[in-house]
Amino acid sequence: MKIGRRSFLSFVVGGAAGTAITPLPWKLTDDSSIWSQNWPWTPVPPDGEYSQSDSVCTLCPGGCGITVRKVDDRVVKIEGMKGHPINDGGLCLMGLSGLQLLYGPTRVKTPLKRVGKRGEGKWEKISWDEAISEVTKKLADIRSNGESHAVGSIVDSESGTVPNLFKRFLTAYGSPNFMTMPSIQDSYGMTLQLMHGVSAQAGFDAENADFILSFGSGIIDGWGSPVRMFKANSAWKANGKKVVQIEPRLSNTAAKSDKWIPIKPGTEAALALGLANVIITNSLDSKKISQSTGFESFKKLVQNEYSTDKVSKITGINSATIVSLAKNFARASKPLAICGKGQGSIPGNLNEFMAVHALNALVGNINEDGGVWAVTETDYIKWPELEMDSVAESGMQKERIDGAGSEYPHAKSLLNRLAEVINSGDGSLEVIFVSGANPLYSMPDSKAMKTAFDSIPFVVSFSSYMDETAGNADLILPNHVYLERYEDVPTLAGLSKPIVGLTRPVVKPQFNTKHVGDVVMLIAKALGGGMADAFPWESYEACLKETLGVKWDVLVKKGFEFNGDKCILEGDFNFYPEAMKSLSNFSPVSVEGSVISYPLILIPYDSIRLANGYIGDPPFAIKAVEDTVLKDKNSCVEINPKTGKELGLTEGRYAFLHTPRGKAKVKVHLYEGIMPGIVALPRGLGHTAYDKYLAGKGCNFNELIGPTEDPVSGLDAAWGIRARLTKV
Amino acid sequence: MKEEGKHKKAKKYGMVINLDECTGCGACMVACMAENNVPFKEDESNKLDSIAWMRVYKLTNGKSYPEADICYLPRPCMHCEGDHGHSPCVSVCPATATDYSHETGIVSQIYTRCFGCRYCMGACPYHARYFNWWDPVWPEGSTKYLSPNVSPRMRGVVEKCSFCFHRYQLAMDKAYFEGRTELEEDEYQTSCTQACPAGAITFGDLNNPEHKVHQLAKPDNKHGGRPGNPNVFRLLERLGTNPKVYYMSSREWVRRAGDNYLDNEDFAKNYRR
Amino acid sequence: MDSALIPEGVKRCSFGKFALGIIIVGGVLLWGVYAMLLVWLKGLNQTNMNDFYGFALWIWADLGVIALGGGAFFTGLLRYVIGKDELKNIINCAVLIGFICYSSALLILAIDIGQPLRGWFIFWHANVHSMLTEVAFCLSCYFAVLTIEYIPLILENRQLNKVPFFHNLAHNMHEVMAIFAATGAFLSFFHQGSLGGVAGVLYGRPFAVREGIFIWPWTFFLFTWSAAAYGPCFTLFVTRLMEKITGKKLVKQNVINLLAKISGWTMGTYIIAKIIDTWYWAAATAPALGLNLIDFYSNNPFYGIWILIAEIVVCGVIPAAILLTPKGRSNSTLLFTAVSLACIGVLINRWVMVLQVMAVPVMTFENWVMYIPSWQEVATTILPVAYGVILVMISFRYLPIFPQERELNP
């Protein structure tokens, strides 16, 4: 049959019309839309049996109680635990995004051994047995060479069973080099030591105070136990209590305070003493304190050296403001002064801490309702006495590499000095253990820290995440994350009633990880001899149960227990300890750099939306960061529009930020809430490790600043650094 | 049949956010993302396409240092009632993919119905509606934390805050199971309310005088729900959107920033009520 | 080689030249098609739209082509219903342009939605309160009408017309065209209006919102009236352009004059209404919402208040004045200037009613946001232009679009 043009046309037209009246096109239309509603690449979360369990968040030292919601064996949400004494149902955004750390792409899934160059990111997966024998072999060699003191460890804090296992391990091994990440707790501890002669921490009865004078503490920016401080702040608002914030930048805390008083940074101690002067001169001081040791000398100091006019000149705050602030503070029934800048990750200037503490003492609020309490953790860790062998004995006789206890007799740990000691050749380490810390990111002058690490032949990380330090390690022995493990969580963080919480496995370990406590014990046992005997427990869990004793049952049931005592302050309060003598001639804490090449001053600022310690921001948290803080791949610096005008920098422009320690490309954000001449940069950005959601975003403040040794404590007192901004 | 007297009174779920207490910490944003399976991309610094059902805005008073002041303002969906449920967005949706519930006062969004015309986004002056420009992608393993109570959205549809409506449904299921038809105030709370560390968010039935939201906002239902509390205001009150999210602030500049005013308008006199 | 298909008695360029033209424009068309496929396969992330600009270039293009295509319904109304018989000499051109514009509009809508496979939900789950529902229904129906109006034109092709069935069909369709024209005019009135309503009902957007009658805001009527005024201008513009390209007179001057005059009157009345509307909005509507007229135009880094002046004065009052004066109409340069300005004017109006509505911040703490379309958006917007050019080329070559052509070019 020949198909003519006409018949072909009829066929096509007829066919089209015929198809249109069949259900086919309609069915296809319907099916395609149903398909679009069930795209296979859009996940459908499976349903299952719902349950929940309580635990404790360990992402910061705040110690919040959490309740996790589960569907079968999946955790689907972390919420604040209702009725918990710290957070009572509330939770910060880090705590809320914890599941992104548990299930996220940044986990180290199995023990890893470096195969490429350090930091190159080439790893070989090894078994736990191999990993432990690797470490053991190294440690055995070093010990047999009599170099046991060349092994060090860096952990997040000094309290709790895990840090104490590390400490015990090093002691039994023969090394004094147990180091902890620095914080204002170091300074507060030393202040109490020097002024009260007790070994204790400062606790603040913030909820009952009625006039809070904060010397730059980020009350609602993550200082202390963050959620607890948020709640206290809300209670102050509801009850008409006053908050005065002193700092050069309008932080969130400053904005929410009743009065923001900008101050020349670094002169806070002078202001505290100036206030003391007004209080004493006007006889507003608490009379019970005037009998204290050193009061007369203190009085003389403030009256001679800290007259209102002089303080006004030093701090840039006008005299009337100083006088009225002092009077209001002293006349309040429960005044409370606090210090430690931002989130308190830098220990700060000891004189400032002592001056502020003296101010508290002056208004009689030490160990009083609404005041400062000297508190101690109840020491539930009562392990059997260590039997040290001769190697251990001689190793422990050696001076610590960081000079704590020797050069700086009051200090326990001075991690801020480690980089310089190693880099200048004054000391060296053979092995370093890092657990619960990320010093290559979060220590000031992190580049110098990395250089120091580069010269340590064997770096072992216990990190659960591929952070900067883990990425530069030789061996990673990944710990369970907090949602997969048991651990005691003793919380001081400025609480007037310290608490111990219990974090517990709400899910089974997702990967081939091991509890760091178990790993430490396995290494010790593999080393044998006295090392093995020092750890008589069969597992970390057994150790924890035995250590907590009767507390265990309470913690399992309730999740937390109050765990602290107010310290009995025997003896005298000393208003004017020897260490304060340098205040007789005030000079602000110096900042690095010359005024001529660096006309501006760079200060960091902390935001609760940016984690800057061991963990980095999970994707949800980084998503919540404003575009005036992080835009594209750039950190934004805040400068006053006046400064911007002088430099010819407008909103959103790119600029180079130079400091004596480094240089970074930044975006300019003009902000009326910052003192002219000052540049503020957020902390917590500029990671090079973790996942693509965090790495490569912004610049790390710690690469632009170096530590400044406090002359008395040896701790890092750097609050800023001189800087210059240039157009790109 | 006196049983009929028990007929349920219509609810009007709403929120009062205390801006004096809000610290701008962003916990509400993340609590919402975690509760509602909100996706995230590699770069979320472009806020013009970053899905945040709850977004915290930073307001400034426009003054120079050192008189400058800032205030944070969390912005969920306002669940506008408009005039008798004629919300700006609901009335424009061509496919009835978003609806105003007269039973709860909640503006819903049906993702499988929405075909992505985005008219509702144009209609919403609060920018509370977000479009899925991209396929949602979770990193490997991360789908494990997705909640089965809220379905993840596919590319090409609009999404927004639902006042955690699934929590209302779960609470109602539980109540019915226990033979009740009414919920207690604390039985239905949104994720952001629950998480707020500062306790700045209060959620409940604005029609129920026993609920805290009613007591704080003192809504005047005869006048489109206008707040009776002089420190309370709503965003863009003058547009007549009749939103169900109220804000509380002791600072006048903050209350004034809630709406547009002509320069010569005496805000204090006319609008403090 | 295709001479058998070319209408009798008219001269056309060589097939080679024609094919070359088609290939060049076809290349542009393919570029647009590529962009369209990208958008369909990868989604709307291919555009630079965002959550502030939910409506952008495409919706503007949509509103724009519908306004420009308005010549079809208004000319049809004048020719078939009101009985302006001379317009039969230009109606084919108007219908062709209308067909191109409306098919383009539908195509753009199909690209613009996030879930094209569910686009039909607008009919199935229709929300009668939504202006967009009204637009979708009327647009589709009117497109069907335009197709019916365009079919007899195709059937008049020399070869097709030889088939008795097609010949008779075309003839009969012409007979009943008045009914379709009337239906089309009715439908057009509503969808042109409801497109205006799309912006006018946005009571959350003080820049767009207007008061009105019953459910229809003033923009409803302004859009219909502006389409009636400016649509014929586009018909004239295209006719003039074709005359210039082909170097032939295609329509007699009296026909042009008549359409220009009618257009002038509608435009004149429209622009008065538009000025009153703007004035009332600036003086009453906006201040009641706490806003001054200038608030809508300040903070705009690009064009500020000038866009309002350009729309109303330069591209409204001036072309209307030209078209209303016999001298202006008869001077071909002035006439061409007027219709060009008019086309720009209506495009500016649609731009403002889409893009600026999105851009003007409503909350006091938000800022004006700029938007620059991506190449995919630009390509898909040019796609219908290329398609239109091709369809015009083919139609002009093979169909008797201009009945007076033979007479004017013996």
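Is His79(B) buried or exposed, and how many other C-beta atoms lie within 10 Å?

A: This is a predicted model. His79(B) is buried: 27 other C-beta atoms lie within 10 Å. The cut-off for a buried residue is 20 or more, so His79(B) qualifies. His79(B) sits in the loop between S3 and strand S4 (98-100) of chain B. Its backbone deserves a look too. Phi of His79(B) is positive, near 45 degrees, and the residue is not a glycine. Most residues other than glycine have a negative phi, and most peptide bonds are trans.

Pro66(B) lies between S2 and strand S3 (70-75) of chain B. The peptide bond from Tyr65(B) to Pro66(B) is cis, with omega near -5 degrees.

Chain B also touches chain C. The contact takes 43 residues from chain B and 41 residues from chain C. On the chain B side, strand S2 (55-60), helix H2 (119-123) and strand S6 (130-131) each supply at least two residues. H2(B) gives the largest share, four residues. By class, this side of chain B has 27 nonpolar, nine polar and seven charged residues.

Now the partner. Chain C has 16 helices and two strands. Its radius of gyration is 22 Å, close to the 22 Å that the globule rule gives for 410 residues, so chain C is as compact as a globular protein of that length. The C-alpha trace of chain C spans about 70 × 50 × 35 Å along its principal axes. Of the 410 residues of chain C, 50% count as buried. Among contacts in chain C with a separation of 6 or more, 79% come from residues 24 or more positions apart.

One helix of chain C can be followed in detail. Helix H1 (residues 15-42) of chain C has 28 residues, which should span 40 Å at 1.5 Å a residue; its end C-alpha atoms are 39 Å apart, in agreement. Leu29(C), Gly32(C), Ala35(C) and Val39(C) are buried in H1(C). Their cover includes helix H4 (88-112) and helix H15 (375-398) of chain C. Gly43(C) follows H1(C), with a positive phi near 100 degrees.

Tyr690(A) is not a glycine, yet its phi is positive, about 70 degrees. Tyr690(A) is found in the loop between strand S26 (678-682) and strand S27 (721-727) of chain A. Tyr690(A) is buried, with 28 other C-beta atoms within 10 Å.

Strand pairing in chain A comes next. An open sheet of three strands has the order S1-S2-S3 (chain A), paired antiparallel. Strand S1 (50-56) and strand S3 (74-80) of chain A are at the edges, each with a single partner strand, so one side of each has no neighbour in the sheet. Neighbouring strands of this sheet are turned by 25 degrees against each other on average, direction ignored. Six bridges join strand S2 (residues 65-71) of chain A to S3(A). Arg69(A) stands opposite Lys77(A) in S3(A).

Strand S14 (residues 431-435) and strand S15 (residues 458-461) of chain A run parallel, joined by four bridges. Phe433(A) has Val460(A) in S15(A) as its bridge partner. S15(A) also runs parallel to strand S16 (residues 475-476) of chain A, through two bridges. There, Ser461(A) is partnered by Ile476(A) in S16(A).

Definitions and conventions: Residues are numbered from 1 along each chain as its sequence is written. Chains are lettered from A and ligands numbered from 1 in the order in which they are written. This is a predicted model: local features need pLDDT of at least 70, side-chain atom pairs count only at pLDDT 80 or more; totals for chains, interfaces and linings use all residues. Two strands pair if DSSP finds at least two bridges between them. The radius of gyration is taken over C-alpha atoms; the globule rule is 2.2 Å times the number of residues to the power 0.38. A residue is buried if 20 or more other C-beta atoms lie within 10 Å of its own, exposed if 12 or fewer, and partly exposed in between; C-beta atoms are placed from the backbone. Two residues are in contact if their C-beta atoms, placed from the backbone, lie within 7 Å. Ala, Val, Leu, Ile, Met, Phe, Trp, Tyr, Cys and Pro count as nonpolar, Asp, Glu, Lys and Arg as charged, and the others, Gly among them, as polar. The expected span of a helix is 1.5 Å times one less than its number of residues. Axes are lines fitted to C-alpha atoms, for helices over the stretch in contact, and angles run from 0 to 180 degrees between N-to-C directions.
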